[in-house]
Amino acid sequence: MIFDLLGVPPQALFGQLLLGLINGSFYALLSLGLAVIFGMLNIINFAHGAQYMLGAFCAYFLLQFAGINYWLALIIAPIVVGAFGIVLERLFLKHLYKLDHLYGLLLTFGIALILEGIFRRYFGSSGIPYSPPQLLTGGYNLGFMYLPKYRAWVVICSLTVCLLTWFMIEKTRLGAYLRAATENPTLVRAFGINVPRMITLTYGFGVGLAALAGVMAAPIYNVSPQMGASLIIVVFAVVVIGGMGSIMGAIVTGFSLGIIEGLTKVFFPQASNTVIFVIMVIVLLTRPAGLFGRTT
Amino acid sequence: MKLLRTAIVSAAVLSAGTAYGQISDNLIKIGVLSDMSGLYADLGGPGSVLAARLAVEDFDAKGKGLNVEIIGGDHQNKADIGSNLARTWIDTEKVDVIVDVPNSGVALAVAEVVRDKNKVFLANGPASSDLTGAKCTPNNIHWTYDTWALANGTGNAIVKTGGKTWFFLTADYAFGHALERDTTAVINKNGGKVVGSVRHPLNTQDFSSFLLQAQASKAQIVGLANAGGDTINSIKQASEFGIVSGGQNLAGLLVFLTDVHALGLKTAQGLIFTEAWYWDMNDANRAFAKRFAAQNGGKYPTMIHAGVYASVLHYLKAVQALKSDDGKAVVAKMKEMPTEDPLFGKGTIRVDGRHIHDMYLFEVKKPDESKGPWDYYKLRATIPAAEAFRPLNEGNCPLVKG
């Protein structure tokens, strides 16, 4: 009955909910990386979109020049791009930890512009095709919608990675060290733990997550220099809504905003690229620390 | 994101001519205003600056004693940025003619600025047929194509081969609205029917939700009233969601060579669409394409690039004939002189500013029909110049009397 009220057949609504979940899994994966980096390093990583784009390009290069397929790219690309992130951290970011957040933001924003500019110079703005792996082509007819296999895989893969990351940071000893190091690095160092190295590796891990999302996005969207730029603002809104630095906040908000955006595409498509920011404004007005953030 | 990206590219072709007394500052300054970094950058963008430069070279401005300088700028697909840049160019940089401007929203704003300042606007990138319709100005030439011509070419061809029911995916701004309106008119005229449409924001990444709505509509044809990166993503995802294997067909109402290149033939094969120019049609086009690609990182020219080249060439001829760069006078001269250039051949410009030439209906080749990169189209039909564009008296252009 509620469906009649909304004027949308239930099949269409279920389909849109599922699609929202799929898009939400990209938001979740990307905002997770951002939340990890912000929570542990206090760096607002504006290069995240560019690193996501690098992941997609890395997958393309691996296939094109080394014949390495999607499945291996899923592992190799995050490592390569993560290593690049580590270099960035060692060369530039480590000098900024004591300064205001803005410096990190400006630096990473600049890096993002440079990277996108370089790729646009050589590959144009339209991008390059990348086919999904043979195993994941085709789809299932669910009755209420046609679900491409690849999209189903994206949801499962993203959920798994998100939950594993959450578990690692919140429930393991390594995670406890990390959290302690952000609270009081001097004390943790006194226990004989190499805090700078841990921070570097954390940044590399966050960047690797972005690259992983990039590889997963490659078969859906064209591999193009702008792919990150158009996503990064939304993902930042997700992080702000979830609460800066909150891991679970990033995951839950990522998925739920994907769904809300999906629903907007049915009821008022024109607003689908603004709805997230409207929510951000409301959340910031009522809960300035975000839905899952701790006020300190 | 793009605030810092306004790139100014400048290429000067200077000489010490004095023969043109009526030319302000003794200099013709061409401003190529385009999307230099976004979803339309490949179909216009830096390539349009190059095309303008080639036109200046071929015109032999230097040899004719005409000082010509080219600058380029990024409007970032925002009407306010585009019209501000145009105003700055005209006021402080002494720009005489603004070229390209893909994105109809920006173009309609720029056209107003150019009219107020009495300069010249050579529209190549924008599609909206309003530029020569209700919004036409005496300072404006619309060269390459428009939404009416696209609708007339592609819409007609598809409705006549049985695609009677349509669902539109429309980019939510001036261009998409105009293209949907003009195509709907063609569909209705031929006894077809539009069963629904959905308007998506410009520069959308994910089309799955819209495609699902198109699927649910059960329309025979899903018409894509969008362009550039939006078209690429919608075609790619339509194939992923089994739109075509489910029995529906796609109609790309505006598809460029660079879009097909980005999609790959495997995904794009069989698409039918209308264009004004393709590089592999005759020797002159091929020679231009080779020369262009060599200076454009190997990327071949789109019809917009060809249009920029041809319109700049014709503009310079008119300036030379008139020995003046007065906006209205030059445009009037351009309309009076028949056009002739290596890429569009012989043609005319109507009183409403519409350049008249043949349009072509192309089909994208199958992967095994293509000899290599950029060999993508086969010609399905030629739409003769007389039928390719909206009849003069139907556009409601105030310049057309009677």
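## A sheet in chain B

In chain B, three strands make an open sheet, ordered β12-β13-β14, with antiparallel pairing. Strands here are DSSP runs of E of at least two residues, helices are runs of H or I of at least four, and both are numbered from the N terminus. Two strands pair if DSSP finds at least two bridges between them. The edges are held by β12 (339–341) and β14 (355–356) of chain B; each has a single partner strand, so one side of each has no neighbour in the sheet.

β12(B) pairs with β13 (residues 345–349) of chain B over three bridges, in the antiparallel sense. B:Glu340 has its bridge partner in β13(B): B:Lys346.

## About the model

This is a predicted model, in which local features need pLDDT of at least 70 and side-chain atom pairs count only at pLDDT 80 or more, while totals for chains, interfaces and linings use all residues. Residues are numbered from 1 along each chain as its sequence is written, chains are lettered from A in the order in which they are written, and side-chain values use heavy atoms, without hydrogens and water.

## Where chain A meets chain B

Contact (heavy atoms within 4.5 Å) links 41 residues of chain A with 35 residues of chain B. The two chains bury about 3,100 Å² between them, 53% of it on carbon and sulfur atoms. Buried area is the accessible area (1.4 Å probe) that two parts lose on being put together, summed over both. In chain A, the most area is lost to chain B by A:Ser126, A:Tyr221 and A:Lys265, together 16% of what that side buries.

The interface holds 15 residue pairs in polar contact, both residues at pLDDT 80 or more. A polar contact is a pair of N or O atoms within 3.5 Å; within protein, one must be able to donate a hydrogen and the other to accept it, and residues adjacent in sequence count only if both atoms are side-chain atoms. On the side of chain A that touches chain B, α5(A) gives the most, with five residues. Two salt bridges cross the interface. Each needs a side-chain nitrogen of Lys or Arg within 4 Å of a carboxyl oxygen of Asp or Glu. A:Arg151 forms a salt bridge with B:Glu240, with the closest N and O atoms 2.8 Å apart.

## A:Met53 in chain A

A:Met53 sits in helix α3 (residues 48–66) of chain A. A:Met53 counts as buried, at 0% relative accessibility; buried means under 20% relative accessible area (1.4 Å probe, protein chains only).

Beyond its neighbours within four places in sequence, A:Met53 contacts residues including A:Leu115, A:Phe119 and A:Pro225. A:Val223 lies 170 residues from A:Met53 in sequence, but 7.4 Å away in space, C-alpha to C-alpha.

Methods. Buried means under 20% relative accessible area, exposed over 50%, partly exposed in between (1.4 Å probe, protein chains only).
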